[in-house]
Amino acid sequence: GKNYLPIIGNFSHLLRMERETQFIGQSPSFQDAVERAALAASLDRPVLVIGERGTGKELIAERLHRLSPRWDKPYIVMNCAALPETLIESELFGHEAGAFTGATRSRAGRFEEADGGTLFLDELATLSMAAQERLLRAVEYGEVTRVGSSRPIRVDVRIVAATNEHLPGLADAHKFRADLLDRLSFEVITLPPLRERAEDIPELATYFGQRMAAELGWEEWPGFGPRALAALEGHDWPGNVRELRNCVERAVYRWREPDKKVDTVEFDPFASPWAPRAASKGTATIAPTADSPDPAAPPTPSPPSGTVSDLRAAVDGYEKSILEATMARCRFNQKVAAEALGLSYDQIRHALKKHGLNQTG
């Protein structure tokens, strides 16, 4: 009888978690990371989550907590980069009244708040060496000491930490404590960037597009047109899933024909002919954007003038110069260049190979 209650409660919270923390994508690299998080969740050990900005490190950390036996205990988040170095130790470990200027009363730190649950430390690599030393003691002995106190406090906290830095390299350079790295790296989950899971882009874009269409009150989701889909699939996504979501939601919000497929995408919301100029060493310039041509890239060449003695050679030379200029403007992204020239992906690859330019793609 009573043994069924925790199971039912646990199942309902899992359903709620799946609604709140969507993991979309079927690429093997992404599914491997999600499955590894599920496997590590049940063990009461530290986990490091590594990945570029926007890859979903926070979602993985929350999944680790929600699938763990601590799911109904506190889940405390601290961004280590959001606080000045002088306050990080106080935030992590708490302080006593009078410990420093402005400390008018005692305050519990994040470790005490997370007692029994999980503490997620985002941007771990930004911690000072002094804070790292105290963190090591907390992880090693399960004790924290408030700033201004000499009395240790016992805590039961599971650490999940995230960073976009290469921690072993920082440890080799003596910028991160190697002993702390050893203690925290029982399991390391590395999230693939979106450019390495290109097959997931249409599914993610559709998901975000449908949600924005529903928010705008559209009767149905029309989907993306071929031009927009090609642009989405050809972009490098330096901001990963977070950038994709913003881009898709912006495209849907700006689209004025909800009965037709969304076929216009703008990657840089700052792109404008009236954008303010940024002064640099006394020279006014406009920084290039992902959609605008690079000022350093060669302009599209003009057709050869004067006498032409070999028409085929002249046409081939002109075609090659157009390809070179377009590839440079499109940051050597073949899909984007193909769209700019009205070619299919196979056609531009054939043309690049014909002129010996495929090594730049």
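How many helices and strands does the secondary structure of the chain come to? I counted 14 helices and nine strands. I noted at the outset that this is a predicted model.

**Entry 1: the whole chain**

I looked up burial next. The chain has 361 residues, and 40% of them count as buried.

**Entry 2: strand β1**

I went to strand β1, residues 47-50. Are its residues V47, L48, V49 and I50 buried or exposed? All are buried. V47 and V49 lie on one side, L48 and I50 on the other, and both faces of the strand are covered. I set a general point beside this: in a regular strand, side chains alternate between the two faces of the sheet.

Which strands pair with β1? One is β6, residues 158-163, which runs parallel to β1 and is joined to it by four bridges. Another is β7, residues 187-190, also paired in the parallel sense over four bridges. In β6, V49 stands opposite A162. In β7, its bridge partner is I189. So much for the strands.

**Entry 3: helices α9 and α10**

I moved on to helix α9, residues 201-216, and helix α10, residues 226-234. Their axes come within 10 Å and cross at roughly 120°. The crossing of α9 and α10 is right-handed.

I listed the residues that meet there. α9 brings I201, P202 and A205. α10 brings L229, L232 and E233. By class, this contact has five nonpolar residues, no polar ones and one charged. E233 in α10 is the charged one.

**Entry 4: helices α12 and α14**

My last stop was helix α12, residues 311-329, with helix α14, residues 345-354. They pack at an angle of about 115°, and their axes are 10 Å apart. What is the hand of the crossing as α12 passes α14? It is left-handed.

From α12, the residues in the contact are D316, E319, L323 and M327. They meet I348, A351, L352 and K354 in α14. I sorted this contact by class too: five nonpolar residues, no polar ones and three charged.

Terms used
Residues numbered from 1 in each chain as written. Predicted model: local features only at pLDDT ≥ 70, side-chain atom pairs only at ≥ 80, totals over all residues. Heavy atoms only, no water. Buried < 20%, exposed > 50% of the residue type's maximum accessible area, 1.4 Å probe, protein only. Helix = DSSP H or I, 4+ residues; strand = E, 2+ residues; numbered from the N terminus. Pairing = 2+ DSSP bridges. Axes fitted to C-alpha atoms, helices over the stretch in contact; angles between N-to-C directions. Left-handed = near helix turned anticlockwise from the far one by under 90°. Contact = heavy atoms within 4.5 Å.
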